[in-house]
Amino acid sequence: MRQVYLDNAATALPKAPGVGAAMADYVETVGCSIGRGGYRLACDAAGGVLAVREKLCALVNGPAPRNVCFTPGATYGLNFLLHGLLRPGDRVLTSPMEHNAVLRPLEQLRARGAAVEYLPCTERGELVLDGLEERLAGNVRAVVLTHASNVSGTLFPIERVGALCRARGIFFLVDAAQTLGTEPVDMAAMGIDGLAFPGHKGLLGPQGIGGLVVTDALAAALEPLVSGGTGSLSESLSMPPFLPDRLEAGTLNLPGIFGLGAALDYLAEQGEALRAREKKLSRHLWYRMKELEEDGLRVLGTDDPHGRTGVVSVDFLRADNGEMAFRLEQEYGVLTRVGLHCAPLAHRALGTFPRGAVRFSVGAFTTFADIDYAAGAVEAMLAGA
Ligand SMILES: Cc1ncc(COP(=O)(O)O)c(C=O)c1O
């Protein structure tokens, strides 16, 4: 049976060409750590790591390559930001569309005395900006938002919120898990102080590597969540004050970093053409699913096709979503993700809690034929075939 992978919002499959080879090459022909030894092999490897920081910094228009810190993924980056910054009594604003990578740390912080407030969203998962300025007026320490929901695919107006935060000296933290690599991200223009991202989604790299980019002002306010060896200032019992060491305790995931570097090279080679093609694929998927609404499903998220990513979640109105996802795989070989997608409040906002939804998500290697095939499968199931 044909297999069609439409779960790229979980992780890109396949990874970019060259990723596996770069990782294997590092393990098999280099293999040393960096920042610990002064020998040539380690210095060359350190140069390779710096080159990846430089590429990431350029991609997000970050402050400087040293402000790019490697983490195991977006979850760790978000925890570094939230636990590193927020103290009892601090006020933080967020949205119901967040992933548990934001919600769970915030709930821990609430239990320790932080005030966590949710901004309103429409039933299509759009952020309501009315009243935001009033909310920002009263002593807010940070706003943390996803750039795009992993459930509805709706993009948030990051630039507008960032401008409001910057004007008031409020730290703006962004979860770019669903957008980096597929949507433009510009920290300076969007007023972002802290950006967390995984390497394995839109960047087409391997799992287990991601990053955090912070402004100097935010870095100065962050308490390192993890402390340990950095290979620098070893005489001190405190974490070094400078980046990236301050937020990078322990041995780095070097095979992951080199794999991510290969993925970034591939993205740079493909340039805007790849992004433009993914946009067309995303719209095609959305239109195909919208056409099926009258046959018994509801497409979640905004109806503005330009305000969406490549995520299209649907709620089957006359069938169980779990069963439909199971049949999609068993009978048609279409791989989706069903359930609550680690975002329970998003499903509440969208009216699909607790039953969840079936999520289709395109990636760099999806074809228009894949989407037509999946839409045909959904159509056949809706018709009772
Ligand atoms: C919006 C969002 N934030 C955070 C994450 C967590 O990313 P990771 O598992 O790579 O840490 C995900 C992954 O599904 C996500 O979709």
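Colleague: Which backbone oxygen lies 2.9 Å from a polar atom of the side chain of Thr 146?

Modeller: The backbone oxygen of Ala 148. Keep in mind that this is a predicted model.

Colleague: What makes the approach of Thr 146 to Asp 175 a polar contact?

Modeller: The side chain of Thr 146 reaches the backbone oxygen of Asp 175 at 3.4 Å. The cut-off for such a pair of N or O atoms is 3.5 Å, so 3.4 Å is within it.

Colleague: Why is Thr 146 called buried?

Modeller: Its relative accessible area is 4%. Buried means under 20%, so Thr 146 qualifies. Thr 146 lies in strand β5, residues 140–146. Beyond its neighbours within four places in sequence, Thr 146 is in contact with residues including Met 97, Phe 156 and Ile 158.

Colleague: Why is the pair of Tyr 26 and Phe 258 called stacked?

Modeller: The structure holds three aromatic pairs. In this one, the planes are 15 degrees apart and the centres 4.6 Å apart. Planes under 30 degrees apart count as stacked, so the label holds. Tyr 26 lies in helix α1 and Phe 258 in helix α9, so the pair ties together parts 232 residues apart in sequence.

Colleague: What makes the pair of Trp 286 and Tyr 287 tilted?

Modeller: The angle between their planes is 55 degrees.

Notes. Residues are numbered from 1 along each chain as its sequence is written. This is a predicted model: local features need pLDDT of at least 70, side-chain atom pairs count only at pLDDT 80 or more; totals for chains, interfaces and linings use all residues. Side-chain values use heavy atoms; hydrogens and water are left out. Rings of Phe, Tyr and Trp (its six-membered ring) pair if their centres lie within 6.5 Å; planes under 30 degrees apart count as stacked, over 60 as edge-to-face and the rest as tilted. Helices (H or I, at least four residues) and strands (E, at least two) are DSSP runs, numbered from the N terminus. Buried means under 20% relative accessible area, exposed over 50%, partly exposed in between (1.4 Å probe, protein chains only). A polar contact is a pair of N or O atoms within 3.5 Å; within protein, one must be able to donate a hydrogen and the other to accept it, and residues adjacent in sequence count only if both atoms are side-chain atoms. Contact means heavy atoms within 4.5 Å.
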